[in-house]
Amino acid sequence: MKPIRFIGESVEVAFDEEPALTKRAGCPARFVWRDEIHHIVERLREWHDYGRRGRMAHTMRDAHLRAAERRGSWGVGRDYYRVRTAEGRVFDLYYDRAPKGTRERGGAWYLYRELGAAESGEGA
């Protein structure tokens, strides 16, 4: 599946109800990109990548690593959401679970890419 364009920019998100867990925030209700608010009207798809990379891939025993890749561990991985906005545009955005810093332990949201209407179905 080919995107209309790669974006790769951080965005601010908002939820109608604040998530109980920042580790699993879920799909937001809206996001702000380049000073424009985009209201999400439909979540088309959701997928997760909890794989460890680089040095972190070697810090766990195999059994624990397999479990962490299925359900995630603190600060590792990304949660992806394909959404349709009120304007009819389709975007992939993701929550990067890595902490922003020692004082700010939450992750960050990114607008990954924009997709065409014909490409909004299944598949990554």
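This note goes through the predicted model point by point, from the overall fold to single side chains.

1. Basis of the note. Because this is a predicted model, local features are reported at pLDDT of at least 70 and side-chain atom pairs count only at pLDDT 80 or more, while totals for chains, interfaces and linings use all residues. Residues are numbered from 1 along each chain as its sequence is written, and side-chain values use heavy atoms, with hydrogens and water left out.

2. Overall fold. The chain contains one helix and seven strands, and read along the sequence these follow the pattern β-β-β-β-α-β-β-β. Helices (H or I, at least four residues) and strands (E, at least two) are DSSP runs, numbered from the N terminus.

3. Burial and surface. Of the 124 residues in the chain, 37% are buried; here buried means under 20% relative accessible area, exposed means over 50%, and partly exposed lies in between (1.4 Å probe, protein chains only). The accessible surface of the chain comes to about 7900 Å², of which 47% belongs to carbon and sulfur atoms. These areas come from the Shrake-Rupley method with a 1.4 Å probe, and for residues only the protein chains shown count as cover.

4. Contacts across the sequence. Among the contacts in the chain with a separation of 6 or more, 56% are between residues 24 or more positions apart, where contact means heavy atoms within 4.5 Å.

5. Salt bridges. Side chains of opposite charge can pair when their charged atoms come close. A salt bridge is a side-chain nitrogen of Lys or Arg within 4 Å of a carboxyl oxygen of Asp or Glu, and by this rule the count comes to nine salt bridges.

6. Arg5 and Glu114. One of these salt bridges joins Arg5 to Glu114, with the closest N and O atoms 3.1 Å apart. The pair links distant parts of the chain, since Arg5 is in strand S1 (residues 5-10) and Glu114 is in strand S7 (residues 108-115), 109 residues apart. Arg5 counts as partly exposed because its relative accessibility is 32%, whereas Glu114, at 8%, counts as buried. Arg5 and Glu114 also belong, with Arg89, to a network of salt bridges.

7. Arg34 and Glu9. How far apart are N and O where the side chains of Arg34 and Glu9 meet in a salt bridge? The distance for Arg34 and Glu9 is 2.5 Å. This pair too links distant parts of the chain, with Arg34 in the loop between strand S3 (30-33) and strand S4 (36-49) and Glu9 in strand S1, 25 residues apart. Arg34 is exposed, because its relative accessible area is 57%, while Glu9 is partly exposed at 25%.

8. Arg30 and Asp16. In a further salt bridge, the closest N and O atoms of Arg30 and Asp16 are 3.0 Å apart. Arg30 lies in strand S3 and Asp16 in the loop between strand S2 (12-14) and S3, so the pair ties together parts that are 14 residues apart in sequence. Arg30 is partly exposed at 24% relative accessible area, whereas Asp16 is exposed at 67%.

9. The loop between S3 and S4. Phi of Arg34 is near 50°, a positive value in a residue other than glycine, and phi of Asp35, which is likewise not glycine, is positive as well, near 65°. Asp35 lies in the loop between S3 and S4 and is exposed, with a relative accessible area of 80%.

10. Aromatic pairs. Rings of Phe, Tyr and Trp (its six-membered ring) pair if their centres lie within 6.5 Å; planes under 30 degrees apart count as stacked, over 60 as edge-to-face and the rest as tilted. By this rule the count comes to 11 aromatic pairs. The rings of Phe6 and Tyr112 have their centres 6.1 Å apart and their planes at 85°, so this pair is edge-to-face; Phe6 is in strand S1 and Tyr112 in strand S7, 106 residues apart. For Tyr80 and Tyr94 the centres are 5.2 Å apart and the planes are at 40°, so that pair is tilted. Tyr80 is buried at 11% relative accessibility, and Tyr94 is buried at 10%.

11. The ring cluster. Ring pairs link Phe6, Trp47, Tyr80, Tyr94, Tyr110 and Tyr112 into a cluster.
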